[in-house]
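This report describes the fold of a protein chain and the surroundings of its ligand. The sequence and the structure are shown first.

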Amino acid sequence: MSVTYFKRFRMEIDLVRGRFAAPELPAGYALVAWSPDLLAIHAEVKHASFREEIDAHVFPCLGNFSGCLRLMDEICRKARFLPDATWLAAFRHPNGEREYCGTISAVLDPANHGAIQNIGVTPAHRGCGIGTALLLKALAGFQLSGLRRAYLEVTAQNVDAVRLYQRIGFRRTRTSYKAVENAASLV
Ligand SMILES: CC(C)(COP(=O)(O)OP(=O)(O)OC[C@H]1O[C@@H](n2cnc3c(N)ncnc32)[C@H](O)[C@@H]1OP(=O)(O)O)[C@@H](O)C(=O)NCCC(=O)NCCS
């Protein structure tokens, strides 16, 4: 058995001073508020967003649909689940078909800080502002709930995500290492 250590950053943002208006989305896109009947869709989008990515190795549940469903179910059953900071992104195709393409979810931690659980955008919809919009919408949801601080954790190798968080105003506050068994094929 081999063990790989993945470097992870905790990144935090002050919610008191920031203003987090979501930018206008590109044509065809919309954000969809949380409702319990969207649980499986959140899980599907999570799976499609993470299955080819580094975090599917760091957290193997992100690499399969049933793991994503279980994870999303756990998140939304928590007493401290934050529906105001949990959103889907959807794209309306010219033929009217709706495709869900982004997800973000959040909970309140014991210190009353907002904790982003997972943000994912499916590969075909990246690089056009959907991740930014989801994150800003979640931060606005935290503010609506009266929270003063928020954080997330990110794998250091995930440079696209780290850059997105820095651009929005998150700053690194802690480095940790997550041990994962038998992940050696990736690194
Ligand atoms: C990280 C992730 C959520 C970012 O989503 P995204 O929708 O691509 O994010 P955005 O489009 O808002 O931003 C990405 C880039 O596109 C740029 N961009 C935003 N709007 C744009 C537009 N209209 N036209 C061109 N570029 C644009 C941004 O400036 C940004 O550039 P940067 O990388 O130089 O900062 C996505 O890559 C992902 O799902 N990754 C896999 C899952 C994952 O690792 N999640 C994070 C776990 S911690």
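## An exposed loop residue

Asn 95 has 5 other C-beta atoms within 10 Å, and therefore counts as exposed. The residue belongs to the loop between strand 3 (87-92) and strand 4. Its C-alpha atom is 28 Å from that of Glu 52, at a sequence separation of 43 residues. The model in which these positions are described is a predicted one.

## Overall architecture

The protein chain contains five helices and seven strands. Read from the N terminus, the elements follow the order β-β-α-α-α-β-β-β-α-β-α-β. The radius of gyration of the protein chain is 16 Å, close to the 16 Å that the globule rule gives for 187 residues, so the chain is as compact as a globular protein of that length.

Along the principal axes, the C-alpha atoms of the protein chain fill a box of roughly 50 × 40 × 30 Å. Buried residues make up 36% of the 187 residues. Among contacts in the protein chain with a separation of 6 or more, 74% are between residues 24 or more positions apart.

The seven strands form an open sheet of mixed pairing, in the order 2-3-4-5-6-1-7. Strand 2 (29-33) and strand 7 are the edge strands, each pairing on one side only. From one strand to the next, the twist averages 25°. In general, strands of a sheet pair through backbone hydrogen bonds, in either a parallel or an antiparallel sense.

Several pairings may be followed across the sheet. Strand 3 and strand 4 are antiparallel and share six bridges; Leu 88 has Thr 103 in strand 4 as its bridge partner. Thr 103 also has a bridge partner in strand 5, namely Gly 120. Strand 4 and strand 5 run antiparallel and are joined by seven bridges. Strand 5 and strand 6, by contrast, pair in the parallel sense, over two bridges, and the partner of Ala 115 in strand 6 is Tyr 151. Strand 1 (residues 3-14) and strand 7 run antiparallel and are joined by 10 bridges, with Lys 178 of strand 7 as the bridge partner of Phe 6.

## Covered and uncovered strands

Strand 5 is mostly covered, and eight of its eight residues are buried. Strand 7 (residues 171-181) is hardly covered: the count of buried residues among its 11 residues is zero. Helix 4 lies across strand 1, strand 2, strand 3, strand 4, strand 5 and strand 6, and runs at about 35° to strand 4.

Asn 112 is situated in the loop between strand 4 (98-108) and strand 5. The hairpin of these two strands has five residues between the strands, and Asn 112 takes a positive phi near 65° there. Most residues other than glycine have a negative phi. Asn 112 has 12 C-beta neighbours inside 10 Å and therefore counts as exposed, since the limit for an exposed residue is 12 or fewer.

Leu 147 occupies the loop between helix 4 and strand 6 (149-155). Because 22 C-beta neighbours lie inside 10 Å, Leu 147 counts as buried. The C-alpha atoms of Leu 147 and Asn 112 are 6.8 Å apart, although the two residues are separated by 35 residues in sequence. Beyond its neighbours within four places in sequence, Leu 147 is in contact with Leu 15, Asn 112, His 113, Gly 114 and Phe 142.

## Surroundings of the ligand

There are 22 residues around the ligand, of which Val 121, Arg 126, Gly 129, Gly 131 and Thr 132 come nearest. Helix 1 (39-50), strand 5 (114-121), helix 4 (130-144) and helix 5 (159-168) are the elements that give two or more residues to this shell. Helix 5 provides the largest share, with five residues.

By residue class, the shell around the ligand consists of nine nonpolar, seven polar and six charged residues.

Technical notes:
Residues numbered from 1 in each chain as written. Predicted model: local features only at pLDDT ≥ 70, side-chain atom pairs only at ≥ 80, totals over all residues. Near = placed C-beta within 6 Å. Helix = DSSP H or I, 4+ residues; strand = E, 2+ residues; numbered from the N terminus. Nonpolar A, V, L, I, M, F, W, Y, C, P; charged D, E, K, R; others polar. Buried ≥ 20, exposed ≤ 12 C-beta atoms within 10 Å, placed from the backbone. Pairing = 2+ DSSP bridges. Contact = placed C-beta atoms within 7 Å. Axes fitted to C-alpha atoms, helices over the stretch in contact; angles between N-to-C directions. Rg over C-alpha atoms; globule rule 2.2 N^0.38 Å.
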